[in-house]
Every structure is written in structure tokens, then in C-alpha cells.
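Subject: Handing over a structure

Hello,

Here is the structure I said I would pass on. Please look through it first, then read my notes below.

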Amino acid sequence: LCVPIPCPADLDDSETVDVLDLLVLIGDWGECFTLPGCPSDLNSDSWIDVIDLLLLLDAWGECE
């Protein structure tokens, strides 16, 4: 049984990290108020900021 490797930076579930995920992250920019968390908060610090942006850019491309 193959279990897919999670791709947390794929915010739109398209199996690719691309400009659409970037737009989601930018739209969520700032403090994270959504419970139980914010998918755009890639480092789980309750803020969507430049660190999350860098993590998204590092994951750019097709999810493996």
C-alpha cells in the first residue's frame, strides 16, 4: 500500500506548489485566527509571513 507523502505547501490540493498556492498564502497573510490551524501557516507559529513564503518557494513544483 502506497501512502502519499504530504505536501503541506500545496494549499489548493493540486499536487503542485505553484502560483495558485502563492496567491492563497498571500491572501492569508498575517496572524492566523482559524482553528485548528491555518494551512498557510507552514511553520505553525500562528503567523503567515515571510518564513511561510520561503517554505512555499522551497517546495515549488510538483509534489512527490
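The notes below start with the overall layout and then go region by region.

First, the ground rules. This is a predicted model, in which local features need pLDDT of at least 70 and side-chain atom pairs count only at pLDDT 80 or more, while totals for chains, interfaces and linings use all residues. Residues are numbered from 1 along each chain as its sequence is written, and side-chain values use heavy atoms, with hydrogens and water left out.

**Overall layout**

The protein has two helices and four strands. Helices (H or I, at least four residues) and strands (E, at least two) are DSSP runs, numbered from the N terminus. Along the sequence, the order is β-α-β-β-α-β.

Of the 64 residues, 23% count as buried. Here buried means under 20% relative accessible area, exposed means over 50%, and partly exposed is in between (1.4 Å probe, protein chains only). The protein exposes about 4600 Å², and carbon and sulfur atoms supply 63% of that area. Accessible areas come from the Shrake-Rupley method with a 1.4 Å probe; for residues, only the protein chains shown count as cover.

Now the contacts (heavy atoms within 4.5 Å). Take those with a separation of 6 or more: residues 24 or more positions apart account for 43% of them.

**The nonpolar patch**

Which residues make the nonpolar surface patch? They are Val19, Leu20, Leu23, Ile26, Trp29, Val50, Ile51, Leu54, Leu55, Leu57 and Trp60. The patch covers about 1000 Å². Two elements each give two or more residues to it: helix 1 (19-27) and helix 2 (50-58). Helix 2 gives the most, with five residues.

A word on terms. Patches are made of residues with over 30% relative accessible area and no salt bridge; like charges are joined within 9 Å, and nonpolar side chains (Val, Leu, Ile, Met, Phe, Trp, Tyr) within 5 Å. A salt bridge is a side-chain nitrogen of Lys or Arg within 4 Å of a carboxyl oxygen of Asp or Glu.

Val19 sits in helix 1. Val19 is partly exposed, at 45% relative accessible area. Val19 and Leu57 are 38 residues apart in sequence, yet 9.7 Å apart in space, C-alpha to C-alpha.

Leu55 belongs to helix 2. Leu55 counts as partly exposed because its relative accessibility is 36%. Leaving out residues up to four places away in sequence, Leu55 touches Leu42 and Asn43. From Leu55 to Asn43 is twelve residues in sequence and 8.1 Å in space, C-alpha to C-alpha.

**The loop between strands 2 and 3**

Is Asp41 buried or exposed? Asp41 is buried, with a relative accessible area of 9%. Asp41 lies in the loop between strand 2 (30-31) and strand 3 (47-48). Apart from neighbours within four places in sequence, Asp41 is in contact with Ser46, Trp47, Ile48 and Asp52.

Ser44 is found in the loop between strand 2 and strand 3 too. Ser44 counts as exposed, at 63% relative accessibility. Ser44 has a positive phi of about 55° although it is not a glycine.

Asp12, Asp13, Glu15 and Glu62 form a surface patch of negative charge. Lys and Arg count as positive and Asp and Glu as negative, with His and the chain ends not counted. The place of a charge is taken as NZ of Lys, CZ of Arg, CG of Asp or CD of Glu.

Glu15 is in the segment before strand 1. Glu15 is exposed, with 60% relative accessibility. Its phi is positive, about 65°, although Glu15 is not a glycine.

Glu62 is in strand 4 (residues 61-62). Glu62 is exposed, with a relative accessible area of 67%.

Cys7 is in the segment before strand 1 (16-17). Cys7 counts as partly exposed because its relative accessibility is 24%. Not counting residues up to four places away in sequence, Cys7 touches Val17 and Cys63. Cys7 and Glu62 are 55 residues apart in sequence and 9.3 Å apart in space, C-alpha to C-alpha.

Best wishes
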